[in-house]
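Reader: Hi! I'm new to reading protein models, and I would like a close look at one part of this one. Could you walk me through it slowly?

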Amino acid sequence: LELYCHQQILELGRYDTEHNTELCATLQVYLEQAKSLAKTADVLFVHRNTVRYRINRCMELLGNRLEDGNEIFAYILSLRILEYLRKC
């Protein structure tokens, strides 16, 4: 399944592992919550500024402003695949 993951998401996952961050999880919730900082913060039980920082860091690492619907779909699919693989 990992072959179907977007390369940038795989790299973000490696960054998470190397730097002990939660960028992938934050990005997944953010995209699933229609890019709402407030809703994402509520789901993750963190401050909205923490979410803002993490999402800005994701956009920096991905080189993407998260505005293209096709890219967002590919990211969500990849994040869900990685979530599934972690549970197995």
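Reader: Which elements cover the buried residues of α4?

Author: First, a word on what you are looking at. This is a predicted model, in which local features need pLDDT of at least 70 and side-chain atom pairs count only at pLDDT 80 or more, while totals for chains, interfaces and linings use all residues. Residues are numbered from 1 along each chain as its sequence is written, and side-chain values use heavy atoms, with hydrogens and water left out.

Now to your helix. The cover over the buried residues of α4 includes α1 (7-19), α2 (23-32), α3 (37-44) and α5 (69-87). Helices here are DSSP runs of H or I with at least four residues, strands are runs of E with at least two, and both are numbered from the N terminus. Contact means heavy atoms within 4.5 Å.

The residues of α4 that are covered in this way are V51, R54, I55, R57, C58, M59 and L62. Buried means under 20% relative accessible area, exposed means over 50%, and partly exposed is in between (1.4 Å probe, protein chains only). Here is a handy idea for reading such a list: an α-helix has 3.6 residues a turn, so residues three or four places apart point the same way.

Just after the helix comes G63, with a positive phi of about 65°.

One of the partners of α4 deserves a look of its own. In α2, 8 of the 10 residues are buried, so this helix is mostly covered. They are L23, C24, T26, L27, Q28, V29, Y30 and L31, and they pack against α1, α3, α4 and α5.

A34 has a positive phi of about 55° although it is not a glycine, and it counts as exposed at 64% relative accessibility. K35 is found in the loop between α2 and α3 as well. Its phi is also positive, about 60°, and K35 is not a glycine either; with a relative accessible area of 36%, K35 is partly exposed.

Now step back to the whole chain. It has 5 helices and 0 strands, in the order α-α-α-α-α along the sequence. The radius of gyration is 12 Å, close to the 12 Å that the globule rule gives for 88 residues, so the chain is as compact as a globular protein of that length. (That radius is taken over C-alpha atoms, and the rule is 2.2 Å times the number of residues to the power 0.38.) Of the 88 residues, 39% count as buried. Among contacts with a separation of 6 or more, 56% are between residues 24 or more positions apart.

Finally, look at Y4, in the segment before α1. The C-alpha atoms of Y4 and L77 are separated by 8.6 Å, although these residues are 73 residues apart along the chain. Leaving aside neighbours within four places in sequence, Y4 is in contact with S78 and I81.
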